[in-house]
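Let's take a walk through a protein together, one piece at a time. Keep the sequence and the 3D view open as you read.

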Amino acid sequence: MTALNESIRNDRETIFRQLSELVAFNSVHDEEGLEDQTKGASQWVKSALEEAGVSVETITTADGSTAILGERKGDEGAKTVLLYSHYDVVPAGNREAWESDPFTLTERAAADGTTRWYGRGAADCKGNVAMHLAALRAVDNNGGTKVNLKYLIEGSEERGGEGLSQLIKDRPELFAADAILIADAGNAAVGQPTLTTSLRGGAQIGVQVDTLASAVHSGQFGGAAPDAAKALMRAIDSLSDEYGRTVIDGVDTTAEWSGQEYPADAFRADAQLLEGTKIMGEDDPAGATPVANMVWSRPAITVTGFTSTPVAEAVNAVPATASAQLNLRVPAGADAAAIADAVCDHLRAHTPWGAHVKAEVLEANAGFSTDPEKPAAALLGECLTEAYGTDTAAQGMGGSIPLTTELQEAHPNAEIALYGVEEPKCTIHSANESVDPTEIENIAAAEALFLQRYA
């Protein structure tokens, strides 16, 4: 471990250079005008793996994205490890919200005095691509490994990953492995090694409410004419109790999390709550609901889009129509599609004033759970503990990674572990996304040690 750590610490300049080159691509999948960016990112990943001695195959998938499949043979009869990450990113959004160019990896001090590297994808998930490459260099510089290595770096994870999903169905043999290590998660905090043991399932739900044939004058009809925007607001509001906890007709929303707790103060800081705002379920006089229950073991509904009359176009009229998109998250093991259907039924039942309501499930994906005591996951946990010098924790993760379930169904005997560089301060998907370089280094050291010991 000491040798691996030293090798990777001395490799920081290369890690920064490689991550800088990859972050420079605005690689948003299926975005008009960015085709050359996604192509450039895929070619960069291909070249980087080939330079590391990996044989690479590129496959254009069903959704038009490019999947990078790499392989490096180990000893005859040795175990096979598949390492996953993705090179696509979410849009940078409002450039004015960034303190530096989102596509120029920038090193600067964070508020707590630590050094961080800022840029879109620095953590999610290009930082994990750089981590895989650093781990492989460390292995090669410290005795090598006997295992057979496979790499899977996809290009449309942030837009659903349908291309990879179809490829897994069509050619499952490409992904056969004894251990599948998915680097698209992260630690509970900087310096706290963590294995993610459960992922939420999820669904996208579209809802539209109509009350009038067309908007009518608010002075002449307001007060009696049903406002479609208000009707939709009331319907959505009925999905929460008075303390903000999710309620869905016919669905148990009271499950308790049995694993490691998520301290309220840590959550408040991680989620960047404004001063004075409260965590959902916190102000119940009967007792605050633990954060871990809310984010890892119960359904959650977020309004990710709402449309009626734009403020800039506001006129004195009663809205005739309003629509919204809801993001549903469900705990591992729950039936995401069934709960999404229940949400639609709930909305239909709770839309007031006889308004016409259309609610439909746009897509749904299952959650995932894994046992951290199984051999490969337990070994990775031991390697993380040695790399960080502190015990590895286990936690749930609120996000969904449909790939996990698809790979497990294709290869039931493979052990899947989730980890990575994306701790809460990274603020992935937001402006000023960043990564702590020591996280890349420590995770890479742990991965390198795993690749040596797993043989």
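This is a predicted model: local features need pLDDT of at least 70, side-chain atom pairs count only at pLDDT 80 or more; totals for chains, interfaces and linings use all residues.

Residues are numbered from 1 along each chain as its sequence is written, and side-chain values use heavy atoms, with hydrogens and water left out.

Start with the domains, whose bounds come from an automatic or database domain assignment. Domain 1 covers 3–199 + 367–454, and domain 2 covers 201–255 + 298–365. Taken over C-alpha atoms, the centres of domain 1 and domain 2 are 36 Å apart. Nine residues from domain 1 and five residues from domain 2 take part in the contact, where contact means heavy atoms within 4.5 Å.

Next, look for helices and strands. Both are DSSP runs numbered from the N terminus: helices are H or I with at least four residues, and strands are E with at least two. Two strands pair if DSSP finds at least two bridges between them. In general, strands of a sheet pair through backbone hydrogen bonds, either parallel or antiparallel.

Now find the open sheet of four strands, with the order β11-β13-β9-β14 and antiparallel pairing. Why is one side of β11 and of β14 left without a neighbour in the sheet? β11 (300–307) and β14 (356–365) stand at the edges, and each has a single partner strand, so one side of each has no neighbour there. On average, neighbouring strands of this sheet are turned by 20° against each other, direction ignored. Strands β9 (residues 201–210) and β13 (residues 321–330) run antiparallel and are joined by ten bridges. For a landmark in this pair, find Gly201, which stands opposite Val330 in β13.

Helix α10 (residues 336–350) lies across β9, β11, β13 and β14, and runs at about 170° to β14. Axes here are lines fitted to C-alpha atoms, for helices over the stretch in contact, and angles run from 0 to 180 degrees between N-to-C directions.

Strand β14 also holds Asn365. At 18% relative accessibility, Asn365 counts as buried; buried means under 20% relative accessible area, exposed over 50%, and partly exposed in between, using a 1.4 Å probe and protein chains only. Leaving out residues up to four places away in sequence, Asn365 touches Arg200, Gly201, Gly202, Ala336, Ser400 and Pro402.

Strand β4 (residues 106–109) pairs with β5 in the antiparallel sense over four bridges, and Ala109 stands opposite Thr115 in β5. The two strands β4 and β5 form a hairpin with five residues between them, and Gly113 in the turn has a positive phi of about 90°.

Follow the chain to Cys125, in the loop between β5 and α4. A cis peptide bond, with omega about 5°, joins Asp124 and Cys125. Cys125 is buried, with a relative accessible area of 0%. How many disulfides are there? The count is zero, where a disulfide is a pair of cysteine sulfur atoms within 2.5 Å. For Cys125, the nearest cysteine sulfur is that of Cys426, 11 Å away.

Two helices show how buried residues are covered. In helix α12 (residues 402–410), the buried residues are Leu403, Thr404, Thr405 and Leu407. They pack against elements including β3 (80–86), α5 (162–170) and β17 (415–419).

Finally, visit two loop residues. Gln272 lies between α8 and α9 (291–297) and has a positive phi of about 60° although it is not a glycine. Asn432, in the loop between β17 and β18, also has a positive phi, near 60°. Is each one buried or exposed? Gln272 counts as exposed at 53% relative accessibility, whereas Asn432 counts as buried at 15%.
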